[in-house]
Amino acid sequence: MTIYNPELVWIDGSFVAKKSITVEQGVITGIGNGDGSDKGAFLPGFVNTHSHAFQRGLRGRGELFPSGSDSFWGWREEMYKLVSELSVGQFRKLCVQSFLEMRQAGITTVGEFHYFHHDRDADFAMDQVVLDAANEAGIRIVILHAFYNKGGFDLALNAGQSRFETNSLASWWSQVDKLRTSVDGSMQQVGTVAHSVRAVGIETIKEIASGSMHRGMPMHIHVEEQRQEMESCLKAHGVTPMALLNDAIEVSPLVTAVHCTHTAAADMEQWLSAGGNVCLCPLTEANLADGICDVHRIVKQCGCVSLGSDSNARISMLEEMRWMEYAQRLVREERGVCVDSEGEMASYLIDAATKNGARCLGIPAGVIEVGKLADFTVIDMEHPQLKGVTPKTLGAAICCGADNAAISRTIIAGA
Ligand SMILES: [Zn+2]
């Protein structure tokens with residue numbers, strides 16, 4: 001049993017003093033009166049809902065534009081080049097590097113949207129490598145195992161995509177089920193992915209969704225990150241990707257749509273009404289020139305929005321939080337878009353980085369209360385970046401004025 005006595009603890013949307021947290025076997029078993037003797041302010045551990053850890057290898061690459069400006073699709077070619085180059089050992093190194101940087105950024109759980117499955121043949125060698133890398137970095141992981149078998153709506157896979165290929169639903173499910181029984185359930189869990197409506201046929205997506213629901217697993221899918229996907233889907237199906245999904249699958253709090261950059265209002269309303277989640281990746285969406293999701297609409301509907309570091313070009317949950325609100329301010333010329341029912345920005349952004357992520361990944365975390373996983377992000381209140389703030393202003397000060405340097409440590413499963 002461990003008892004923490006933080007100076008401040010984030011409970012019910014604000015920092016409170018003089019609380020203790022009792023932890024047994026990695027789970028919070030009590031919250032009582034404390035003496036504040038443990039330095040720092042405890043937040044629930046940040047949950048990074050959407051990552052492709054190996055893309056850390058692209059940092060600094062793909063940022064030269066000798067023949068003029070470029071788009072997401074040019075970046076994707078650079079990514080495929082990296083994929084073709086990586087050995088198992090290099091892939092593992094990149095994953096460990098990403099996961100260690102995530103811990104420095106206060107992230108205690110990563111949802112690894114994993115589609116880079118194979119070594120040089122279709123062997124799923126990289127699946128275990130990702131799990132081992134997470135173990136080495138000491139981060140909690142939900143491996144979101146991707147189905148991927150098309151190069152576009154009516155296209156076969158191209159050479160750059162061969163290491164992602166899943167041949168049949170039956171062999172893919174057998175790999176997913178094998179992972180489910182082999183992972184260490186206390187630190188590692190398994191969810192599913194249909195990569196996107198362009199990389200997986202809608203009939204297959206239906207089967208993935210119902211199989212995931214049946215097994216009680218979270219399911220994630222990239223949705224409407226780029227206009228080209230919308231246009232191709234309209235051509236192939238006569239509707240947008242989100243409308244196609246709304247119609248085809250049973251949307252629930254276990255289902256997460258990643259990006260939704262260009263999603264139409266009515267489609268989003270239907271998705272959220274059915275309990276579906278949205279994950280935004282503001283730094284990656286900016287880097288890839290995707291566009292800006294209309295978060296305002298999601299806020300008004302009290303939808304569940306989480307955050308992901310996606311391409312890992314920069315790993316900072318605090319920056320993801322800040323840019324979720326700042327992008328809305330820039331595009332709407334209005335301050336205070338991402339706010340809770342009391343008008344509080346900090347509690348809205350912290351929820352996105354913690355409990356909403358936990359919901360998307362199907363884990364009992366993201367809130368400091370009895371029965372939840374004992375994962376904490378500890379803020380260094382003596383850091384110069386936070387000089388002069390009070391318990392009342394600390395949340396917003398972290399969101400607007402701090403970076404990873406103000407995070408002194410992460411505690412995962414109570415340790
Ligand atoms: Zn992604």
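How many bridges join strand β2 to β6, and do the two run parallel or antiparallel? I looked this up at the start. Three bridges join β2 (residues 6-11) to β6, and the strands run parallel. I keep in mind that this is a predicted model.

**Entry: around β6**

Leu8 stands opposite Ala41 in β6. Then I turned to β15 and looked for a partner of Ala41 there. The bridge partner of Ala41 in β15 is Ile379. I also checked how β6 and β15 are joined. Strand β6 (residues 38-44) and strand β15 (residues 376-379) share four bridges and run antiparallel. I noted how covered β6 is. Five of its seven residues are buried, so I put β6 down as mostly covered.

Next I traced the strand order. The sheet is open, has five strands and reads β3-β2-β6-β15-β16. Its pairing is mixed. I asked myself which strands lie at the edges. They are β3 (14-17) and β16, and each pairs on one side only.

**Entry: two domains**

I then looked at how the chain is divided. Domain 1 takes 2-43 + 371-411, and domain 2 takes 46-361. Their centres, taken over C-alpha atoms, are separated by 28 Å. I looked up the contact as well. Domain 1 brings 16 residues to it, and domain 2 brings 21 residues.

I stayed with the side of domain 1 that touches domain 2. Which elements give two or more residues to this side? I found α14 (394-401) and β16 (407-411). Helix α14 gives the most, with five residues. By class, I have eight nonpolar, six polar and two charged residues on this side of domain 1.

**Entry: α2 against α3**

I moved on to a pair of helices. Helix α2 (residues 88-104) packs with helix α3 (residues 125-137) at an angle of about 35°. Their axes are 8 Å apart. The crossing of α2 and α3 is right-handed. I listed some of the residues that make the contact. On α2 they include Val88, Phe91, Cys95 and Phe99. On α3 they include Ala125, Met126, Val129 and Ala133. Among the others are Arg92 and Arg103 of α2, and Asp132 and Glu136 of α3. By class, I count 13 nonpolar, no polar and four charged residues in this contact.

**Entry: Met219**

Met219 is found in strand β11 (residues 219-223). Is Met219 buried or exposed? I have it as buried, because 23 other C-beta atoms lie within 10 Å, and the cut-off for buried is 20 or more.

I looked up its contacts, leaving aside neighbours within four places in sequence. Met219 is in contact with Gly191, Thr192, Val193, Ile208, Ala209, Ser212, Leu254 and Val255. I also checked Gly275 against Met219. The two are 56 residues apart in sequence and 13 Å apart in space, C-alpha to C-alpha.

**Entry: α12**

My last stop was helix α12 (residues 345-353).

Technical notes: Residues are numbered from 1 along each chain as its sequence is written. This is a predicted model: local features need pLDDT of at least 70, side-chain atom pairs count only at pLDDT 80 or more; totals for chains, interfaces and linings use all residues. Axes are lines fitted to C-alpha atoms, for helices over the stretch in contact, and angles run from 0 to 180 degrees between N-to-C directions. A crossing is left-handed if the near helix is turned anticlockwise from the far one by less than a right angle, and right-handed if clockwise. Two residues are in contact if their C-beta atoms, placed from the backbone, lie within 7 Å. Ala, Val, Leu, Ile, Met, Phe, Trp, Tyr, Cys and Pro count as nonpolar, Asp, Glu, Lys and Arg as charged, and the others, Gly among them, as polar. Domain bounds come from an automatic or database domain assignment. Two strands pair if DSSP finds at least two bridges between them. A residue is buried if 20 or more other C-beta atoms lie within 10 Å of its own, exposed if 12 or fewer, and partly exposed in between; C-beta atoms are placed from the backbone.
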